[in-house]
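Work through the exercises below with the structure in view. Try each task before reading its solution.

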Amino acid sequence: MTSTAQASQSGAKSAHPEHLGHVVFITAAAAMGGFLFGYDSSVINGANGGIQARFDLSSGATGTVAACALLGSAVGAAVAGRIADRIGRIRVMQIAAVLFAVSAVGSGLPFAAWDLAAWRVLGGIAIGMASVIGPAYIAEVAPPAYRGRLASFQQAAIVIGIAVSQLVNWAILNLADGEERGKIAGLEAWQWMLGVMLVPAVIYGLLSFAIPESPRYLISVGRTDDAKKVLGDVEGDIDLDARVAEIDEAMRSDHKSTFRDLMGGRFGLLPIVWIGIGLSVFQQLVGINVIFYYSNLLWQSVGVDPSSSFFYSFETSIINIIGTVIAMIFVDRLGRKPLALIGSVGMGVSLAAAAWSFSFQNGNDPLPAAQGYVALIAANAFVLFFALSWGVVVWVMLGEVFPNKIRAAALGVAASAQWIANWVITITFPDLSEWNLSLTYVMYAVFAFLSIPFILKFVPETKGKKLEEMG
């Protein structure tokens, strides 16, 4: 999906503000896939306690149910691109919406833990597809002059999805008198939490019928007149014949990178590929998804009642949004590496403070007041530092750091490494926290501090560089 420099300049000169309203709507609709990504990632947080009690699961089994969606996401992400090249970007969005809707209904009405896990995997496939096709579609329809800002919609939609999920869970819990297994219209609260995912899935599906197909795909299948109409709607008064010719030339000259192109170096893969994998893995090994998957259980384990734990989780989601906005403001001003270093130091200190607090936990007794406050502040500080740095910077750098020749294949490998690391952290946390919650956070803190020399020694600064300069 590389565009030529001439096309970018042409688009930058011809983009008109009067077309931005239409482009923003298209972008927001496509970014609903990111909203589903964030919503699904966080909704399980509110349901974990009810699921564990309903099916009498161990902590490890609960982690498996929570994490299995990530395996589905890896599959969905792997196949989305090829399917989109065959049937179009919009059709992939619609398939993802249908799969997610079916998953929501099945997850809300399970009859066993394995049944619930299967529905979670199906939903994960939908999320994986949406997480890949959304940014790709936005990049292909956005005018080059506004592409960077419009691309940020995807990350913003993810963090908004997390926050809305927490708010909905909190409202459902209150309707159930604060009990995760409390009944509402014959179903338990946690069932409603999972079933309500049907609503954003339907909205996503309906919006997909209101936006145009990608002009790049239309040109690839010979529908040039339709492509010209879309380009005219999003880029304004331009030479449409010349623009179509530029896109067609760029597609014909694109190198379809394969895994074989990544081979080389002393450790099997090219050094730059290992850097991408390192960025992806470090992003997950600091334990960020523990906060969004298990924060309710975490706070309840240290003496916070369920209603209050939902409030704290929602508060954390708001902080996540604030941090993401900060990152969007400064990622092009400070640069990628400085922002990542700030985040690594902040996360390491925050996680160490949380580990110290949890070391005072005695069985199921609440934390002492002082340590409880420190734990709460440390958890929120951790989320803030992650959101303003690694949450955004990693995705920006993965899109920039690879040479054109291997970008597509290298991105696929790095993304797969991220899903796998996410799955490992998610599935191991319940057992690790039961073993020793404090040492679990020490481990996450160690990974945060280890990311500092990794950034300083291996990661190149990509700020201000053209993609063609990366080698």
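This is a predicted model: local features need pLDDT of at least 70, side-chain atom pairs count only at pLDDT 80 or more; totals for chains, interfaces and linings use all residues.

Residues are numbered from 1 along each chain as its sequence is written, and side-chain values use heavy atoms, with hydrogens and water left out.

**Exercise 1. The whole chain**

Task: Find how many helices and strands the chain has, and what share of its residues is buried.

Solution. Start with secondary structure, read as DSSP runs numbered from the N terminus (helices: H or I, at least four residues; strands: E, at least two). The chain has 18 helices and 2 strands. Next, sort residues by relative accessible area: buried is under 20%, exposed over 50%, partly exposed in between (1.4 Å probe, protein chains only). Of the 471 residues, 54% are buried. Last, look at contacts, meaning heavy atoms within 4.5 Å. Take those between residues at least 6 apart in sequence: 81% of them join residues at least 24 apart.

**Exercise 2. The nonpolar cores**

Task: Identify which residues of the largest nonpolar core touch the most other members.

Solution. A nonpolar core is a set of buried Ala, Val, Leu, Ile, Met, Phe, Trp, Tyr and Cys residues joined through side-chain atoms within 4.5 Å. The largest core holds 113 residues; Ile 51, Leu 194, Tyr 204, Leu 279, Trp 390 and Tyr 441 touch the most other members. Helix H18, residues 407-458, gives the most to this core: 15 residues. There is also a second, separate core of 7 residues, with Leu 218, Ala 227, Val 230 and Leu 231 among them.

**Exercise 3. Helix H12**

Task: Compare the span of H12 with the expected value, then decide why H12 counts as largely enclosed.

Solution. First, the span. The expected value is 1.5 Å times one less than the number of residues. Second, burial. In H12, 12 of the 15 residues are buried, so the helix is largely enclosed by the rest of the structure. The buried residues include Ile 272, Leu 279, Phe 282 and Gln 283. Third, step past the end. Just after H12, Gly 287 takes a positive phi of about 85°.

**Exercise 4. Aromatic rings**

Task: Work out how the rings of Phe 111 and Trp 114 are arranged.

Solution. Rings of Phe, Tyr and Trp (its six-membered ring) pair if their centres lie within 6.5 Å; planes under 30 degrees apart are stacked, over 60 edge-to-face, the rest tilted. The structure holds 8 such pairs. Phe 111 and Trp 114 lie 5.6 Å centre to centre with 80° between the planes, an edge-to-face pair. Both Phe 111 and Trp 114 are exposed. Elsewhere, ring pairs link a cluster of Phe 282, Phe 454 and Phe 458. Phe 282 is one of the buried residues of H12.

**Exercise 5. Salt bridges**

Task: Say which residues form a network of salt bridges.

Solution. A salt bridge is a side-chain nitrogen of Lys or Arg within 4 Å of a carboxyl oxygen of Asp or Glu. That rule gives 7 salt bridges. Take Glu 188 and Arg 181: their closest N and O atoms are 2.8 Å apart. Glu 188 is buried at 6%, whereas Arg 181 is partly exposed at 37%. The network links Arg 54, Arg 181 and Glu 188. Now try Asp 85 with Arg 89, a salt bridge at 3.2 Å. Asp 85 is partly exposed at 47%, and Arg 89 is buried at 6%.
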